[in-house]
Amino acid sequence: MVLAQESSPPAGGAQFGQIVVAGLMFLLVFFPLAIFVLRARAGKRTLVGRLADWSGELSGLPRWAALPMFVAFLSGMAALIGVYWDVPIHMELGRDEGPLANPSHYPIYFGLMGIFASGVLSAALAKGNLPKRTFKLGPHWRVPMGSVQMMLTGLVGIGGFPLDDVWHRLFGQDVTEWGPTHVLMIGGGVGVVIGLQLLLAEARQVGATGPVVRLLGPVLAGAWMMGASAFLMEFDLGVPQFPMLAQVVLVGLIGSWTLICGRLSWGPGGALIVVAVLLVSRAVFSVIPLVADLHVASLLPYVAEAVVIEVVALLVRGPLFPVAAGLASGTLGLLGEWAFSQWLMPDPWPAAELGLFLLFGAAASVAGALVGAWQYQRIEDVAAGIRRRQAFGARHGAGLVGALGAVALMATVAVPLAPPPGLAADVRLTEAAAGQEISNPHGGGTPRWVDATVTITRADLADDAVWLTGFAWQGGDFYSAPLEKIGPGAYRTAEPLPVFGQWKTGIRLHVANRMMALAPIYAPADPAANAQVIAAESGKRDFVSEISFLQRERKTDTPLVLWTVAYVVVGLIFAGMWAVFAWLYAAAASGNPARRRETAS
């Protein structure tokens, strides 16, 4: 059972002692790694070098790809196990006492360090037969482009940790998965898979063959689906802080990108291998939350999209395949995911919004398909060691259109809208006969459970809601259940709601396409966050921007210019990571046709 402190935890950054301990943990990993790098570059035999040679013999990969891939796999799994453990903890128990007070942070932190270390290992082991196009790290040190991608994405992930502490000090705690610095950590961590895909292509260029090498194509596409799907976790858990259209767009984008890349790399059945990797990994990620009696993230399985893409691949070939597959996956495939959502999702996709969802989902799916096809083509160019004599538009135009389309779609759907002025609810509370079971009691207080009858001033908005739920979290568990309609604009809760201790309770209203509002019912005083108590009593409750309630710990006195600068800096780092990804792939695919480079082994 997971326990937490009953007092209000700090709402700012970590204590200095915890920063020191985190720094020592960093040195514990990277001091031995630095020694290995120095010895390896000096030409001395090392245990790590022997392991790399042995793993290369087993896998058919060169030493600079075999061991780093294994380390990156273990590190990425550790980081994602931590993430799928961490988000339910915050959902049920609120913010941390500090970064080292939360056990889930350890696998995340060590996993991110391992991801960066895997890129360093690859660079240090880069001797012997190397790809035609390499990156110069020093006067006599050239490394595969995939190694550079792995190091940079790992560095972004690690950098998210200290930036997260700075963010908390400036702006208060942020318990949403999509917090800007959290996006850096997750994006940097899972982005290593893109580096591994490039590294595999470079390994094939220098002669890597065999069943393991071939299978790694769709398996790595599945690993990319597994990693990218982490951004959907709040939807999978039932506490999304972003509009449902963002979920639809991400499902369309991630699905088509990874499934098409996997199908093209393997042939018939490739898309199904991609899905199999996702489903197996998600079963692994569920183990700790199940044991700890925490909420377990559900998922949309991408099965319908995979089947649709497999069928389209049999019917359409050539340059039309990505567009045809994207359109089919974004319509027929997403219809299948809509059906799965009724069964699997805490907040099912409403049938009334299917038209809007399919419009955005199809656009996102085509964008993802274009990016996936571009990535696959660059992988094959790198593996073949050829330079295509084509204009920039012919080589990269479709991929660029897909990437810009994905950015435009996410910018359009991701930011929630505030409720219109005057939107309010008349809330009548009655004492419930009994409460609900609490998995991880937390926060103390005299137990009090209420039923609520809610009359909303805008009946039209309530009738058209994507979701309208009674909601409570961070008191030791998490509850969310749709309200039952009893009249025009009038609803009642289907389950009793807790209004004591550390619970934060309210009525959530989300209207397509992006308005997200909440009528608060109860929240405790939070001196560390300078937040006043919201007493649980009947009366009028104005709907507020949902994020202002769900993230009560955010500071309200930070200057707007500081918020703007911080978002711009984090955005540039994240965008730069993707720009480097595109450049490394394009550069590796346009390698010098001169003879392959060799370095002293």
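**Before starting.** I am working with a predicted model, in which local features need pLDDT of at least 70, side-chain atom pairs count only at pLDDT 80 or more, and totals for chains, interfaces and linings use all residues. Residues are numbered from 1 along each chain as its sequence is written, and side-chain values use heavy atoms, with hydrogens and water left out.

**Entry 1: a sheet.** I looked up an open sheet of five strands, and its order is β7-β6-β11-β12-β14, with antiparallel pairing. Strands here are DSSP runs of E, at least two residues, and helices are runs of H or I, at least four, numbered from the N terminus. Two strands pair if DSSP finds at least two bridges between them. The edges are β7 (478–482) and β14, each pairing on one side only. I found five bridges between β6 (residues 465–473) and β7, where A472 has Y479 as its bridge partner.

**Entry 2: strand β12.** Next I followed β12 (residues 515–522). Seven bridges join it to β11 (residues 504–511), and T505 stands opposite Y522. The two strands form a hairpin with three residues between them. Two bridges join β12 to β14 (residues 544–545), with L518 partnered by V544. Eight of the eight residues of β12 are buried, so the strand is largely enclosed by the rest of the structure. Buried means under 20% relative accessible area, exposed over 50%, and partly exposed in between (1.4 Å probe, protein chains only).

**Entry 3: two helices.** I then checked how α5 (residues 145–171) and α7 (residues 192–205) pack: the angle is about 170° and the axes are 7 Å apart. Axes are lines fitted to C-alpha atoms over the stretch in contact, and angles run from 0 to 180 degrees between N-to-C directions.

**Entry 4: salt bridges.** How many salt bridges does a search of the whole structure find? The search finds 15, a salt bridge being a side-chain nitrogen of Lys or Arg within 4 Å of a carboxyl oxygen of Asp or Glu. I looked at R169 and D165, whose closest N and O atoms are 2.8 Å apart. They are four residues apart in α5, and therefore separated by about one helical turn. R169 is partly exposed at 39% relative accessibility, whereas D165 is buried at 14%.
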